[in-house]
Amino acid sequence: MSLRYTFANQKGGVGKTTTVVNLAAAMATWGFRTLVVDADPQCNASTSLGIDARSSGRHVYAVMVAGLPVRDAIHATRWEGLDLVPSTPDLAGAAVELNAEPPQERVTRLVRALAQTDAYDYVLIDSPPSLGVLTVNALVAAQGVIVPVQCEYLALEGLTQLTHTISLVQRALNQNLALRGVVMTMYDRRTTLANEVVDQVRRHFPKRVFETVIPRSVRLSEAPSYGEPGVVYAPRSQGAVAYLGLARELLTGDGHTVAWEPEAS
């Protein structure tokens with residue numbers, strides 16, 4: 001059975017998609033068969049993996065709204081062991097269409113679709129920067145939530161709202177859902193604020209914050225324009241090395257053994 005993680009934060013621009021695609025690429029590199037599900041109408045995960053599915057009819061909108069079997073929506077990427085269920089801008093309309101359905105039906109579309117993905121070791125779901133029906137579907141479909149948090153002022157404010165939503169989903173829809181961890185992103189060690197935010201989040205979420213902190217990185221920002229994850233585009237950059245370290249930390253916490261030593265340039 002695959003282990004499914006949803007990456008969520010209602011704030012945009014926190015490195016959520018960057019975290020998804022880089023973890024997925026690292027996992028695949030180490031031999032874990034990994035599926036990325038792009039459940040965000042902005043399609044950034046799809047772009048970052050070099051796939052445009054708008055004309056194919058094989059995407060997450062067709063799965064969630066039209067009932068296309070998820071196996072028919074899976075696209076192989078250029079990297080062995082890494083597949084994608086892509087998104088398209090049409091998914092923005094799915095929120096309206098799903099809200100017309102009965103409450104239980106509208107929030108369980110994705111989990112029922114992903115029952116066909118047990119051939120994968122990991123399924124990583126990229127959710128929209130909101131707490132709407134698409135994100136709730138992503139939370140219902142997962143066993144764990146990973147929350148990327150930018151090292152900036154008011155980081156905790158959004159975290160508090162998100163953890164409340166996670167608790168509601170746990171009680172009403174998915175008792176197996178757990179907060180797997182918080183990832184501190186866009187860290188600039190030269191600033192006092194960044195260090196204070198990391199310390200503050202660690203105090204509020206003891207044992208829930210990953211030790212690996214992701215730095216700001218121009219190379220990570222460049223990678224999507226080439227349709228590649230940062231760990232492929234610039235594997236020895238500080239940002240890529242940090243994501244490889246995060247992937248190892250996650251996999252190790254899940255009981256796997258990964259032999260890897262960082263080599264930042």
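Here are a few stops to click through, one after another. Keep in mind that this is a predicted model.

**Stop 1: helix α1.** Select residues 16-29, which make up helix α1.

Now show the surroundings. How many of the 14 residues of α1 are buried? Twelve of them are, so the helix is largely enclosed by the rest of the structure. Buried here means under 20% relative accessible area. Among the buried residues are Lys16, Val20, Leu23 and Met27.

Stop 2: Select Tyr153, Leu154 and Leu193 together, and you get a nonpolar surface patch of about 330 Å². Leu193 belongs to helix α9, residues 192-204. With a relative accessible area of 37%, Leu193 is partly exposed.

**Stop 3: two loops.** Go to the loop between β7 (178-185) and α9, where you'll find Met186. Met186 isn't a glycine, yet it has a positive phi of about 55°. Its relative accessible area is 24%, so Met186 counts as partly exposed.

Then hop to the loop between α9 and α10 (218-222) and pick Lys207. Lys207 is another residue other than glycine with a positive phi, near 70°. Is Lys207 buried or exposed? At 87% relative accessibility, Lys207 counts as exposed.

Definitions and conventions
Residues numbered from 1 in each chain as written. Predicted model: local features only at pLDDT ≥ 70, side-chain atom pairs only at ≥ 80, totals over all residues. Heavy atoms only, no water. Helix = DSSP H or I, 4+ residues; strand = E, 2+ residues; numbered from the N terminus. Expected span 1.5 Å × (residues − 1). Buried < 20%, exposed > 50% of the residue type's maximum accessible area, 1.4 Å probe, protein only. Patch = residues over 30% accessible without salt bridge, like charges linked within 9 Å, V, L, I, M, F, W, Y side chains within 5 Å. Areas by Shrake-Rupley, 256 points an atom, 1.4 Å probe, with all protein chains shown as cover. Salt bridge = Lys/Arg side-chain N within 4 Å of Asp/Glu carboxyl O.
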